[in-house]
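Colleague: I would like to learn how to read a model of this kind feature by feature, beginning with the general idea and then turning to the case at hand.

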Amino acid sequence: MKKITLKSLVSTMALAALILTPASLSAQHGASLEGVWDSQVTSTDCNSHILMAFRAFELFHQGGTLTTTGNANSPALSSPGLGTWQRTGMRTFTSTLQFFTFNPDGSFAGTVKIAGQIHLSDHGNSFTGTSTFAVYDPDGNLVFSGCGTDVGTRLP
C-alpha cells in the first residue's frame, strides 16, 4: 500500500512539474514569443532623429533562435538576420542578431549587430521592443551606432 501511495505521489509531482514549466506557462497565458511576426521597425540616432523606418518579418524559433528579414534595403545589399532570443520574464525577452551588408557593387561592406528588449502584450498577439544597433566595417571597426523601436503583430 505504501508503494502505491509513493508511486502516486511521485507521479503527481512529476505531472505538476511538467504543467508548471515555463513553456507550458507560456502556452497557458499566451506568452509565447515563438512564431512569425510582422513588425514595423524605426531606427534613430538615439536622439529622436529618425534614420529610417521599415517593415520586417521576424521568426522566433522554438529553442531560442531567430531569423529576420526586412525591406529596409534591397536583398542584394543585406543578408537575412540570424540570432538568438531568450525569455527574461513572463512576457519579456531579449534578442541578439546580426546580418551582413554589401555595397552596390556586391562587395562586402560589413556587419550590423542588434541587441533588443521585447515586451509581449497580455493577449500574446503583439509586442513592443527597443533595441540598440552597431554598424561595423569589413575589418570589424565600429562605423555607426543607434537605437530602434519595434512594434510587431503575430501572423496567423
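**Reading the model, feature by feature**

Colleague: Before we look at any side chain, what is the mean pLDDT of the protein?

Modeller: This is a predicted model, and pLDDT is the predictor's confidence in each residue. The mean pLDDT of the protein is 85, with 81% of the residues reaching 70 or more. Residues 1-29 are where care is needed, for pLDDT stays under 50 over that stretch, and the model has 11 contacts for it beyond four places in sequence.

Colleague: How many helices and strands does the protein have, and how do the elements run from the N terminus on?

Modeller: There are 2 helices and 8 strands, and from the N terminus on the order is α-α-β-β-β-β-β-β-β-β. Of the 156 residues, 28% count as buried. Among the contacts between residues at least 6 apart in sequence, 39% join residues at least 24 apart.

Colleague: Is Ser43 buried or exposed, and what is around it?

Modeller: Ser43 has its place in strand β1 and counts as buried, at 11% relative accessibility. Setting aside neighbours within four places in sequence, Ser43 is in contact with several residues, including Ile50, Phe54, Phe133 and Cys147.

Colleague: Which residues does Ser126 touch?

Modeller: Not counting residues up to four places away in sequence, Ser126 touches Trp37, His119, Leu120, Ser121, Gly152 and Thr153. Ser126 is in strand β7 and counts as partly exposed, at 22% relative accessibility. The C-alpha atoms of Ser126 and Asp38 are separated by 9.3 Å, although these two residues are 88 residues apart along the chain.

Colleague: Turning to rings, how many aromatic pairs does the structure hold, and why is the pair of Trp37 and Phe127 edge-to-face?

Modeller: The structure holds 7 aromatic pairs. For Trp37 and Phe127 the ring centres are 4.9 Å apart and the planes stand at 65 degrees, so the pair is edge-to-face, the cut-off for that class being over 60. Trp37 lies in strand β1 (residues 35-44) and Phe127 in strand β7 (residues 126-136), so this pair ties together parts that are 90 residues apart in sequence. Both Trp37 and Phe127 are buried.

Colleague: What are the values for the pair of Phe100 and Phe108?

Modeller: That pair is also edge-to-face, with 5.8 Å from centre to centre and 70 degrees between the planes. Phe100 is partly exposed, with a relative accessible area of 44%, and Phe108 counts as partly exposed at 36%.

Colleague: Which residues do ring pairs link into a cluster?

Modeller: The cluster consists of Trp37, Phe60, Trp85, Phe93 and Phe127, linked by ring pairs. A ring can also have a charge over its face, as at Tyr136, where Lys113 lies over the face at 5.1 Å from the ring centre.

Colleague: Finally, how many disulfides does the structure hold, and which residues does the link join?

Modeller: The structure holds 1 disulfide, and it joins Cys46 to Cys147, with 1.9 Å from S to S. This pair links distant parts of the chain, 101 residues apart: Cys46 is in the loop between β1 and β2 (50-60), while Cys147 is in strand β8 (residues 142-154). The link of Cys46 and Cys147 is right-handed, with 100 degrees about the S-S bond. As for accessibility, Cys46 counts as partly exposed at 40%, and Cys147 likewise counts as partly exposed, at 22%.

Terms used
Residues numbered from 1 in each chain as written. Predicted model: local features only at pLDDT ≥ 70, side-chain atom pairs only at ≥ 80, totals over all residues. Heavy atoms only, no water. Phe/Tyr/Trp six-rings, centres within 6.5 Å; stacked < 30°, edge-to-face > 60°. Helix = DSSP H or I, 4+ residues; strand = E, 2+ residues; numbered from the N terminus. Buried < 20%, exposed > 50% of the residue type's maximum accessible area, 1.4 Å probe, protein only. Lys NZ or Arg CZ within 6 Å of the ring centre and 35° of its normal. Disulfide = S-S within 2.5 Å. pLDDT = per-residue confidence, 0-100. Contact = heavy atoms within 4.5 Å.
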